[in-house]
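Subject: Structure for your review

Dear colleague,

Please find below the sequence and the structure that I am handing over to you. My findings follow directly after them.

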Amino acid sequence: MPNNITIWVDADACPTPMKEILFRAAVRVKIPLVFVANHWIRVPASPYISMTQVPSGFDVADDHIVLKVAKDDLVITSDIPLAAEVIEKGAHVITSRGEKYTLSNIRQRLNMRDFMDTMRASGEMTGGPPALGSKDKQAFGNALDQYLAKYANKA
């Protein structure tokens, strides 16, 4: 039964451990996996894995993903505005920490992102998220497996 879905990766910020998990999953399930970035990223030779290099520029990779994504595709990103756009198109989103963004939680995430941007701009907050750990890697793998169990190999 052919796959009608694709996994799209906002690859500029995708951590290497998550890329490795995605490589293995794409080959195992025989599902298209497309990395999109404004710089070249090495991907394994596989008929299921490809890399699309887009020109440099603000949100060029995001815009490409939004243009190409289809209903029930999966997008791997921690970019909340990108997540909101692809969710509106019926796609699914998993962050590199294994969090699922959905219609029911994306507005809250956008509001929190805007609040945090304001706090950082005012000097109230500095720094970013904590480093990825083994729990994040496990959460990502579990979220990916759940998605694949539901959507891979469905005609």
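A residue is called buried here if its relative accessible area is under 20%, and contact means heavy atoms within 4.5 Å. Please note that this is a predicted model, and every value in this message is computed from it.

**Overall architecture**

The chain contains five helices and six strands. Followed along the sequence, these elements occur in the pattern β-α-β-β-α-β-α-β-β-α-α. Of the 155 residues in the chain, 42% are buried. Among contacts with a separation of 6 or more, 52% join residues 24 or more positions apart.

**Helix 2 and its cover**

Helix 2 spans residues 60-68. Its buried residues are Ala61, Asp62, His64, Ile65 and Val66. What lies over these buried residues? The cover includes strand 1 (7-10), strand 2 (33-37), strand 3 (49-53), strand 4 (74-76) and helix 3 (80-88).

With neighbours within four places in sequence left aside, His64 is in contact with Trp8, Val36, Thr52 and Val54.

**The nonpolar cores**

The largest nonpolar core has 29 residues, and Ile7 and Leu22 are the members that touch the most others. Two or more residues of this core come from each of strand 1, helix 1, strand 2, strand 3, strand 4 and helix 5. Helix 1 gives the largest share, seven residues.

Which residues does Leu22 contact, leaving aside its neighbours within four places in sequence? They are Ile7, Val9, Cys14, Leu33, Phe35, Ile76, Phe140 and Leu144.

**Aromatic pairs**

A pair of aromatic rings is described by the distance of the centres and the angle of the planes. Two such pairs were found in a search of the whole structure. In one of them, Phe23 and Phe35 are tilted, with 5.3 Å from centre to centre and 55° between the planes. This pair connects distant parts of the chain, with Phe23 in helix 1 (residues 16-29) and Phe35 in strand 2, 12 residues apart. Phe23 and Phe35 are both buried.

Tyr147 and Tyr151 make up a stacked pair, with 5.0 Å from centre to centre and 25° between the planes. Both belong to helix 5 (residues 134-151), and because they are four residues apart there, about one helical turn separates them. An α-helix has 3.6 residues a turn, so residues three or four places apart point the same way. Tyr147 is buried at 6% relative accessibility, and Tyr151 is buried with a relative accessible area of 17%.

**A buried loop residue**

Ser96 lies in the loop between strand 5 (92-94) and strand 6 (100-101). Is Ser96 buried or exposed? Its relative accessibility is 11%, so Ser96 counts as buried. Residues up to four places away in sequence not being counted, Ser96 touches Pro15, Met18, Ser78, Leu132, Asp136 and Phe140.

**Two residues with positive phi**

Most residues other than glycine have a negative phi. Lys30, however, has a positive phi near 60° and is not a glycine. Lys30 is located in the loop between helix 1 and strand 2, and its relative accessible area of 49% makes it partly exposed.

Asp59, likewise not a glycine, has a positive phi of about 60°. Asp59 sits in the loop between strand 3 and helix 2. At 30% relative accessibility, Asp59 is partly exposed.

Yours sincerely

Technical notes:
Residues are numbered from 1 along each chain as its sequence is written. This is a predicted model: local features need pLDDT of at least 70, side-chain atom pairs count only at pLDDT 80 or more; totals for chains, interfaces and linings use all residues. Side-chain values use heavy atoms; hydrogens and water are left out. Buried means under 20% relative accessible area, exposed over 50%, partly exposed in between (1.4 Å probe, protein chains only). Rings of Phe, Tyr and Trp (its six-membered ring) pair if their centres lie within 6.5 Å; planes under 30 degrees apart count as stacked, over 60 as edge-to-face and the rest as tilted. A nonpolar core is a set of buried Ala, Val, Leu, Ile, Met, Phe, Trp, Tyr and Cys residues joined through side-chain atoms within 4.5 Å.
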